[in-house]
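Trainee: I would like to go through the terms used for this structure and check each against its cut-off. Where do we begin?

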Amino acid sequence: MIAAFVCVMSIAAFLELLVSYCRSILASSSKVELSARVREVAGIASHPLAADDFARLLQLVRLCPERGDDQTEIRAVGTYYGLLRVLGRAARPLIPGIATWTEQERQSCSYFAAVALDRRISYSRDLFTQQVADRL
Amino acid sequence: MLGPLDYALLLIGFLAEIYVVVCLLVRRQFVRYIPLNVYMLCSAFVTFGLFFLVRRYGISSSTYVYFYYYSDSLLMILMFWVIIKLYQQVFDEMKVSKQIRGAAFILIAATALFSYGVVHQNRSNLTGHFVVELGQNLYFVGVVLTYLLWGSILKLRETRTRLIQLVLALGIYFSATAGTYALRNLFPALQPSLLKWVPPLFGMWLPLAWAYTFTRIPEDARLATARLMEKHQ
């Protein structure tokens, strides 16, 4: 009886704290305004970011030179996105409310990836400018 | 016998623990986070001890089993010290350090008495099932304490990102471990195939998450906690 109580309470606490932890990582990017350049590159100039854009944005991020300081966050958010996708698929037929919530969370992950892409594009441009300046 | 994955988890956890201490030493914040540093150092020492005992006596030896469970209990007491320190940081401005220390002392004494009661009742069976039950209860006290701390952070609208992430990482660790112990109690058959991986994984998670926080989150970084609880950000 005690074990069942501990089990249920621990799993509930685990889920809530995990979501809050992941959101604390996502929060760093939520206030950042996306540049017109990244909107154009990512093909989201005319429509808002969708939850399913994450994988495509991540591929674009990987095409850019690494900045060396965002890998951990990208990996953590990628794991969170994967968990949300599994949860969303499992919940869709049973609890549509949870499926909607996972969709919104995945949208935040996509926004995070878009901000990471924006930063990496800026970094690439800076690198290029520096190389041109060095040659001159 | 431990496999390559077990050794890899031990090694990553050990390196991350050392990294946290070195990182705080370099940034001259060792004293500010002294309970956390002591915990990390002791945990690294225990990891090293476990590795040594496995190599020398084997994983099924009584020396290893006793060292594992006794060191786990001692680490839990150190972890309570870490939690008290985090409580003091959260309630810093309210000048209630004395009350927190008093409450913590009562709680630890109550936990010890409860554990003694359980030990007394199970004198004839001090291993196996009992050890799992005791671990489950101790970790669950950790879950409750951390969850209350998290509730206080939300209530007081605490904004220090570093503090928030330290508490959340700790809560994830406690709840995952307590849940695993409870599942082990309920379904012992799951232990060899699935549940045995959870404690080492989350034992590695805690130093890694703290290492990330101390490396990437500056002391003065701020975050509105309301954002973390919104239904949609």
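This is a predicted model: local features need pLDDT of at least 70, side-chain atom pairs count only at pLDDT 80 or more; totals for chains, interfaces and linings use all residues.

Trainee: Why is α1(B) called roughly parallel to α7(B)?

Mentor: Angles under 35 degrees count as roughly parallel. The axes cross at roughly 25 degrees, so α1(B) is roughly parallel to α7(B). The crossing in which α1(B) passes α7(B) is left-handed.

Trainee: Which residues of α1(B) and α7(B) meet?

Mentor: From α1(B), Leu9(B), Ile12(B), Gly13(B), Ala16(B), Glu17(B), Tyr19(B), Val20(B), Cys23(B) and Leu24(B) take part. They meet Pro200(B), Leu201(B), Met204(B), Pro207(B), Leu208(B), Trp210(B), Ala211(B), Phe214(B) and Thr215(B) of α7(B). By class, this contact has 15 nonpolar, two polar and one charged residues.

Trainee: What makes Gly13(B) buried?

Mentor: Buried means under 20% relative accessible area. Gly13(B) has 5%, so it is buried. Gly13(B) is found in helix α1 of chain B.

Trainee: Which residues is Gly13(B) in contact with, leaving aside its neighbours within four places in sequence?

Mentor: Met204(B) and Pro207(B). As for Leu201(B), its C-alpha atom is separated by 8.8 Å from that of Gly13(B), and the two residues are 188 residues apart along the chain.

Trainee: Is Glu158(B) buried or exposed?

Mentor: Buried: its relative accessible area is 10%, and the cut-off is under 20%. Glu158(B) lies in the loop between α5 (129-155) and α6 (161-186) of chain B. Not counting residues up to four places away in sequence, Glu158(B) touches Val90(B), Ile153(B), Leu163(B), Ile164(B), Leu223(B) and Thr225(B).

Trainee: How many disulfides does a search of the whole structure find?

Mentor: Zero, over all chains. Take Cys64(A), which is in no disulfide: the nearest cysteine sulfur, that of Cys109(A), is 19 Å away.

Trainee: What makes Cys64(A) buried, and what makes Cys109(A) buried?

Mentor: The cut-off is again under 20% relative accessible area. Cys64(A) has 15%, so it is buried. Cys109(A) has 0%, so it is buried too.

Terms used: Residues are numbered from 1 along each chain as its sequence is written. Chains are lettered from A and ligands numbered from 1 in the order in which they are written. Side-chain values use heavy atoms; hydrogens and water are left out. Axes are lines fitted to C-alpha atoms, for helices over the stretch in contact, and angles run from 0 to 180 degrees between N-to-C directions. Helices (H or I, at least four residues) and strands (E, at least two) are DSSP runs, numbered from the N terminus. Angles under 35 degrees count as roughly parallel, over 145 as roughly antiparallel, 65 to 115 as roughly perpendicular and the rest as oblique. A crossing is left-handed if the near helix is turned anticlockwise from the far one by less than a right angle, and right-handed if clockwise. Contact means heavy atoms within 4.5 Å. Ala, Val, Leu, Ile, Met, Phe, Trp, Tyr, Cys and Pro count as nonpolar, Asp, Glu, Lys and Arg as charged, and the others, Gly among them, as polar. A disulfide is a pair of cysteine sulfur atoms within 2.5 Å. Buried means under 20% relative accessible area, exposed over 50%, partly exposed in between (1.4 Å probe, protein chains only).
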